[in-house]
Protein chains: 2
Amino acid sequence: MNVYFACSITGGREFESIYQKIVAALTEDGHEIPTSHLAQSDVIQHERELTPQDVYERDTSWIKNCDVLIAEVSVPSHGVGYEIGFALGIGKSVLALYQEGRKVSKMISGNLDSNLTVSLYRTPEDAIQIIGNFLSKAG
Amino acid sequence: MNVYFACSITGGREFESIYQKIVAALTEDGHEIPTSHLAQSDVIQHERELTPQDVYERDTSWIKNCDVLIAEVSVPSHGVGYEIGFALGIGKSVLALYQEGRKVSKMISGNLDSNLTVSLYRTPEDAIQIIGNFLSKAG
């Protein structure tokens, strides 16, 4: 499947190693992840080479073309919140994942859109299993 | 005018005093701010009395009924990012304001929607003036 993986960039990178584990697992399972570079450590430097407008156009185009969007929402991010709203607005299935103990905005946890699934995980391995179940149902 | 003021809640409250100055100035100018309590210090405690679903339904209903949405985006927030996307998706005019030196997601700074204005400010007084100009044009 074509999976748009959304994670915090400007908002903070403290969960970067978890983003990388998720993207590695998805790639290993044969999924296409247009945003895989967003999990990498050099993302902020690389994204500087593009104008903000180019990034916006590229990312929304990827959302339009994806099968599902998976968002890691443990670290607050305007971009990820925007992307979740954008994806739901065009009828995409979205999985929002957060680590147990992190606080999640009620615009996500209280969102009743039937295309949104919100799940908590304890370990990266848990997260990968939850993603696998979500993709099996979506596929 | 009916102004939906969006600010970080779960994402962090370090800009709370600026939120309060903005809401006070808008109220003084005679605008109706359904979200004015979100700028107050006891917001997190008060919002606990509602279910996340109630908060989501209330806030999206307020966005549907507002004339414009004004978002303070200096502190990363999934909720505010979602609200900006939701408001633009239904054709509302949006002003996103941030303090000089803060980093803003490219999903906002690079967004080419003609209903979105992104502005930086130095002082709260600057922010209030920018808001006044925006509302004059929108009114």
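Me: How many salt bridges are counted between chain B and chain A?

Reply: In this predicted model, the count between chain B and chain A is zero salt bridges, although over all chains the count comes to ten. The contact itself takes 35 residues from chain B and 35 residues from chain A, and the area buried between them is about 2900 Å², of which carbon and sulfur atoms give 70%. On the side of chain B, H78(B), K106(B) and M107(B) lose the most area to chain A, together 29% of what that side buries.

Me: What makes R13(A) and E16(A) a salt bridge?

Reply: The side chains of R13(A) and E16(A) meet with 3.0 Å from N to O, and the cut-off for such a pair is 4 Å, so the name applies. Both R13(A) and E16(A) are buried.

Me: How do you know that E14(A) and R102(A) form a salt bridge, and where in the chain do they lie?

Reply: The closest N and O atoms of E14(A) and R102(A) are 3.4 Å apart, which is within the 4 Å that the term requires, and therefore the pair counts. The two residues link distant parts of the chain, since E14(A) is in the loop between β1 and α1 of chain A and R102(A) is in the loop between β3 and α5 (106-109) of chain A, 88 residues apart.

Me: Why is E14(A) called exposed, while R102(A) is called partly exposed?

Reply: The relative accessibility of E14(A) is 56%, and exposed means over 50%, so E14(A) counts as exposed. For R102(A) the value is 27%, which lies between the 20% under which a residue is buried and the 50% over which a residue is exposed, so R102(A) counts as partly exposed.

Me: Which other residues take part in salt bridges?

Reply: In chain B, R58(B) forms a salt bridge with D59(B), the closest N and O atoms being 2.8 Å apart, and both R58(B) and D59(B) are buried. In chain A, E47(A), R58(A) and D59(A) are linked in a network of salt bridges.

Me: How do you know whether Y82(A) and F86(A) are buried or exposed?

Reply: Y82(A) has a relative accessible area of 4% and F86(A) has one of 18%; the limit for buried is under 20%, so both residues are buried.

Me: Why is T35(B) called buried, and what does it touch?

Reply: T35(B) has a relative accessible area of 0%, which is under the 20% limit, so T35(B) is buried. T35(B) is found in the loop between α1 (16-28) and α2 (43-47) of chain B, and, not counting residues up to four places away in sequence, T35(B) touches Y4(B), F5(B) and W62(B).

Me: How do you know that the span of helix α1 of chain A is close to the expected one?

Reply: Helix α1 (residues 16-28) of chain A has 13 residues and reaches 18 Å from its first C-alpha to its last, and 18 Å is also what is expected at 1.5 Å a residue. The buried residues of this helix include I18(A), Y19(A), I22(A) and L26(A), and what covers the buried residues includes β2 (68-72) and α6 (124-138) of chain A. The helix is followed by G30(A), whose phi is positive, near 90 degrees.

Me: Which residues have the most contacts inside the largest nonpolar core?

Reply: That core has 42 residues, and those with the most contacts inside it are L69(A), V73(A), I84(A), L69(B), V73(B) and I84(B). Apart from it lies another core, of 24 residues, among them L38(B), A39(B), V68(B) and Y121(B).

Notes:
Residues numbered from 1 in each chain as written. Chains lettered and ligands numbered in written order. Predicted model: local features only at pLDDT ≥ 70, side-chain atom pairs only at ≥ 80, totals over all residues. Heavy atoms only, no water. Helix = DSSP H or I, 4+ residues; strand = E, 2+ residues; numbered from the N terminus. Expected span 1.5 Å × (residues − 1). Buried < 20%, exposed > 50% of the residue type's maximum accessible area, 1.4 Å probe, protein only. Contact = heavy atoms within 4.5 Å. Core = buried A, V, L, I, M, F, W, Y, C linked by side-chain atoms within 4.5 Å. Buried area = accessible area lost by both parts, 1.4 Å probe.
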